[in-house]
Amino acid sequence: MSASIFDLIKERIVLLDGGMGTELIRHGFPQGACPESWNVEKPETVKKIHTSYFEAGSDVVLTNSFGGNKIKLLSHNLADKCYELNRAAAIIANEAKPAGKFVAGSMGPTGKFLKPHGEFTPEEFEEAYAEQAKGLSDGGVDFLLIETQYDLQEALCAWRGAQQVTDLPIFVTMTFNRHPRGFFTLMGNSVEQCLKTFEQEGIPVVGTNCTLNSADMVDLVKIMREKTELPLIAQANAGKPSVSEEGEVSYAQEIDDYVSYIPQMVENGANIIGGCCGTNPDYIKRMADILFK
Amino acid sequence: MDKQQFFEQIKKSVIEGNKEEAVALAKKATEEKLDLNEVIEKGYVPAIQEVGDLWEKGEYFLPELITSAECMKAAMGILQPELAKANIPTKSCGKVVIGTVEGDIHDIGKNLVASMLGANGFEVVDLGADVKLDQFIKKAQEENADLICLSALLTTTMLGQKKLIEMLKEKNLYGQFKVMVGGAPVNRQWAENIGADGYADNAITAVEEAKKLMGITS
């Protein structure tokens with residue numbers, strides 16, 4: 001198997017996986033624990049989730065390392081396990097990976113801010129991401145996905161940090177809110193500003209995930225496509241979660257409604273499509289049916 | 001000095017996030033022995049309200065909110081001790097104990113709500129993130145708080161909001177403190193179901209909701 005992820009992107013729409021957090025919870029993941037700790041404590045469960053996504057039709061699964069940068073792990077007092085937990089995440093996903101499929105190393109935000117709004121320097125962010133990227137790279141991921149970023153500056157720190165330790169392809173997705181004046185990140189970065197910066201940096205594949213449901217994301221993809229020719233990633237949430245008094249979680253966007261926007265997402269210019277919060281292997285299966293049948 | 005013009009200068013400093021200027025104007029107000037409560041009410045408070053409006057319109061984002069809230073904090077740091085020295089009571093909208101519930105380390109939203117409440121005249125006791133539920137109650141009693149604000153980002157940890165209200169009921173403290181809940185997965189329906197007094201889906205409406213719960217109209 002020598003084809004790269006870039007070959008596949010040129011060939012056809014690439015299908016990513018769906019939510020990891022919701023699946024972990026379904027398998028008994030306890031409140032407040034560190035999801036990445038299951039890469040060493042319950043690797044079989046994590047592997048089972050990856051397998052279920054590959055079986056549903058995912059071309060790529062994302063490692064269980066969304067909160068695996070050193071700063072985020074520090075909140076769980078696990079900063080010293082950064083390398084180990086990320087390497088384990090990559091190994092587990094690779095064990096589940098059938099021939100011809102891919103594993104992407106997930107790198108989510110730190111949850112903290114750079115100065116002056118927070119206490120961290122760009123160098124500290126870079127280092128936190130570099131160690132994660134090293135673990136994921138040594139564990140054998142095919143590429144890195146810096147995802148769900150709400151601050152363009154932080155995304156660039158992650159990009160620089162990862163580049164210091166690996167030659168793997170690195171993709172970046174930002175998360176945008178819908179405002180009266182258009183789509184902006186939490187920090188106020190516009191779509192245009194993000195895409196322009198990413199192009200200047202030479203990031204090969206860019207996109208957006210989380211926050212928006214598939215209806216809103218279709219509109220965002222259209223705007224992104226007008227502003228860049230780079231391959232675009234789009235991973236929508238299944239709307240907002242709501243919790244019953246008994247603690248049962250449901251998402252606002254039903255599966256039928258969610259997947260009904262997938263053809264439009266392709267038409268508007270998305271090349272790599274997957275799910276995000278609230279989506280599960282059933283969503284991916286339905287998306288595979290729409291995209292490939 | 002033209003007072004109206006002076007208030008406009010104050011507003012401009014806060015809206016533009018110019019902390020040095022906001023502080024300098026506060027010092028000037030004390031030096032010139034102006035009615036400091038009037039300075040707060042006609043200069044600083046309308047300024048932070050305007051910042052909230054700009055945020056709601058999508059003109060301002062999180063960095064601008066934080067910067068303007070810091071301007072307010074710094075200016076109040078000058079004005080409030082002066083008022084205290086002169087034995088003039090400062091107007092407080094109420095005392096708030098705030099934190100992200102046990103098991104949840106997410107604090108971006110909570111921090112923003114805490115800053116905006118502080119900037120809008122509430123006394124804020126911020127317990128941080130991953131706060132034990134009994135700690136909220138203990139602190140609220142110690143501080144004689146009016147309001148407990150509970151943040152949760154996860155569908156698992158938002159159950160802590162419900163549990164806290166149950167704990168208040170068990171301790172016969174339900175009704176003694178108003179309880180306000182928020183966080184990405186939280187909505188009005190959830191707040192009503194669990195018996196919370198208030199809910200807000202962002203830091204600006206959190207201020208409005210908290211004022212409403214305190215019986216303050218504006």
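Predicted model: local features only at pLDDT ≥ 70, side-chain atom pairs only at ≥ 80, totals over all residues.
Along α10(A), the buried residues are A:Ser214, A:Met217, A:Val218, A:Leu220, A:Val221 and A:Met224. These buried residues have quite a set of packing partners in chain A: the strands β7 (182-184), β8 (206-213) and β9 (232-237), plus the helices α9 (191-201), α11 (255-260) and α12 (262-267).

Elsewhere in chain A, strand β4 (residues 143-149) is largely enclosed by the rest of the structure, because seven of its seven residues are buried. Strand β3 (residues 102-107) of chain A runs parallel to β4(A), and four bridges join the two. As a bit of background, strands in a sheet pair through backbone hydrogen bonds, in either a parallel or an antiparallel arrangement.

Stepping back to the whole of chain A, the count is 13 helices and 12 strands. A compact globule of 293 residues would have a radius of gyration near 19 Å, and chain A comes in at 18 Å, which agrees. Taken along the principal axes, the C-alpha atoms of chain A fill a box of roughly 50 × 45 × 40 Å. Of the 293 residues in this chain, 54% count as buried. Looking at contacts in chain A with a separation of 6 or more, 79% are between residues 24 or more positions apart.

Chain B has nine helices and five strands. Along the sequence these follow the pattern α-α-α-α-β-α-β-α-β-α-β-α-β-α. For 218 residues, a compact globule would have a radius of gyration near 17 Å; the value for chain B is 18 Å, which agrees. The C-alpha box for chain B is roughly 55 × 40 × 30 Å along the principal axes, and 49% of its 218 residues count as buried. Of the contacts in chain B between residues at least 6 apart in sequence, 73% join residues at least 24 apart.

Chain B is also divided into two domains, with domain 1 covering 3-85 and domain 2 covering 94-213. The C-alpha centres of domain 1 and domain 2 of chain B lie 26 Å apart. Their contact takes 11 residues from domain 1 of chain B and 10 residues from domain 2 of chain B. On the domain 1 side, the elements giving two or more residues are α3 (36-56) and α4 (62-85) of chain B, and α4(B) gives the most, with six residues. By class, this side of domain 1 of chain B has eight nonpolar, one polar and two charged residues.

B:Ala86 is found in the loop between α4 and β1 (94-100) of chain B. B:Ala86 has 10 other C-beta atoms within 10 Å, so it counts as exposed. From B:Ala86 to B:Lys110 is 24 residues in sequence, and their C-alpha atoms are 34 Å apart in space.

Further along chain B, five strands form an open, parallel sheet in the order β2-β1-β3-β4-β5. The edges are taken by β2 (122-126) and β5 (198-199) of chain B, each with a single partner strand, so one side of each is left without a neighbour in the sheet. Inside the sheet, β3(B) and β4(B) run parallel and are joined by five bridges; B:Leu150 stands opposite B:Val181 in β4(B).

Helix α7 of chain B (residues 159-170) packs against part of that sheet. Its buried residues pack against β3 (147-151) and β4 (178-182) as well as α6 (133-142) and α8 (188-194) of chain B. The buried set in α7(B) is B:Gly160, B:Gln161, B:Lys162, B:Leu164, B:Ile165 and B:Leu168. The 12 residues of α7(B) should span 16 Å at 1.5 Å a residue, and the end C-alpha atoms are 17 Å apart, which agrees. After α7(B) comes B:Asn172, with a positive phi near 55°.

Finally, the two chains touch each other. The contact takes 20 residues from chain A and 22 residues from chain B. On the chain A side, strand β10 (residues 241-243) supplies the largest share, three residues. That side of chain A divides into eight nonpolar, nine polar and three charged residues.

Note on methods. Residues numbered from 1 in each chain as written. Chains lettered and ligands numbered in written order. Domains from an automatic or database assignment. Contact = placed C-beta atoms within 7 Å. Nonpolar A, V, L, I, M, F, W, Y, C, P; charged D, E, K, R; others polar. Rg over C-alpha atoms; globule rule 2.2 N^0.38 Å. Buried ≥ 20, exposed ≤ 12 C-beta atoms within 10 Å, placed from the backbone. Expected span 1.5 Å × (residues − 1). Pairing = 2+ DSSP bridges.
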